[in-house]
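Reader: I want to go through the aromatic contacts here. Can you put the structure up?

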Amino acid sequence: MKEQLRIGSHLSSSAGYLAMGQAAVAQGADTFAFFTRNPRGGKAKELNPKDIEDFLAFAKKNRIAHIIAHAPYTMNPCAAKDTLRTFARETMADDLRRLEMTPGNYYNFHPGSHVGQGAQTGIELCAALLNYALKPTQHTTVLIETMSGKGTEIGKTFQEIAAIIERVELKDHVGVCLDTCHIWDAGYDIVSHLDDVIAEFNDIIGLDHLKAIHLNDSLNPRSSKKDRHACIGEGAIGLDALTAVINHPILCRLPFILETPNDSEGYAKEISLLRSRWKPEK
Ligand code: FE
Ligand code: FE
Ligand code: ZN
């Protein structure tokens with residue numbers, strides 16, 4: 001049953017969890033995403049247990065769910081340098097430890113850039129990171145993000161994502177976050193053949209692994225491998241195709257996160273536009 005459109009935006013985490021919950025509600029959102037630490041890396045702030053407790057009560061009251069923590073961009077799971085791979089391992093393990101304070105949510109990361117070592121090596125290194133960081137007892141599902149294929153990024157095809165998951169031991173703790181701008185830029189035609197793309201995802205990865213959507217328009221034509229996000233309806237994907245995404249019978253149950261170039265007023269407008277385009281089941 002389609003019950004509600006679950007949608008939110010990417011928020012600043014600098015003022016803590018309760019502040020993010022309040023910002024989400026102010027935007028008309030019922031979920032949100034945030035960076036676990038400075039997106040360029042560095043040490044995470046210690047969590048404040050009182051802030052978390054207040055947030056959890058606020059989230060319950062306001063029906064906020066499926067929040068998605070995003071790993072820093074500087075984390076490259078398949079870096080060639082040992083020190084960078086160690087940083088990725090320690091960052092993910094530490095983030096997952098901290099996220100146990102808000103159990104039952106998601107942690108999304110970029111599978112990384114192989115920097116000339118080849119996609120196959122990238123896949124092995126990314127899986128090795130997951131096998132290091134995932135713990136049988138954790139309550140967070142780690143989501144691999146589908147990438148555009150700019151530079152030497154891996155995760156640009158469903159096959160590469162499937163190959164990573166195949167090598168992970170604790171598969172129950174791994175899912176996929178599908179980014180509409182990224183898969184469009186990677187070559188998947190979600191404008192004219194959305195059903196075929198979803199069927200292909202199911203054949204290669206399996207829809208049970210699909211846990212969240214990053215809903216973005218793209219500044220560039222399909223297959224451009226650029227990764228430049230546009231506001232909803234202002235890019236090459238367009239409002240009609242993104243409306244079809246939120247209303248798709250399989251996708252409609254997932255949380256949607258906007259990562260469009262907006263301030264909070266812009267996000268509120270996009271959320272209300274998309275809610276107006278939501279078609280409840282007849
Ligand atoms: Fe991302
Ligand atoms: Fe994204
Ligand atoms: Zn992107």
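Reader: How many aromatic pairs does the structure hold?
Author: Seven. Rings of Phe, Tyr and Trp (its six-membered ring) pair if their centres lie within 6.5 Å; planes under 30 degrees apart are stacked, over 60 edge-to-face, the rest tilted. This is a predicted model: local features need pLDDT of at least 70, side-chain atom pairs count only at pLDDT 80 or more, and totals for chains, interfaces and linings use all residues. Residues are numbered from 1 along each chain as its sequence is written, chains are lettered from A and ligands numbered from 1 in the order written, and side-chain values use heavy atoms, without hydrogens and water.

Reader: Why is the pair Phe-32 and Phe-55 edge-to-face?
Author: Their planes sit at 75°, so the pair counts as edge-to-face; the centres are 5.9 Å apart.

Reader: Buried or exposed, Phe-32?
Author: Buried, at 0% relative accessibility. Buried means under 20% relative accessible area, exposed over 50%, partly exposed in between (1.4 Å probe, protein chains only). Phe-55 is buried too, at 2%.

Reader: Which residues form one aromatic cluster?
Author: Tyr-17, Phe-32, Phe-34 and Phe-55.

Reader: New topic. What charged end sits over the ring of Tyr-132?
Author: That of Lys-135, 5.5 Å from the ring centre. Arg-89 also lies over the face of Tyr-132, at 5.5 Å from the ring centre. The cut-off: NZ of Lys or CZ of Arg within 6 Å of the ring centre and within 35 degrees of the ring normal.
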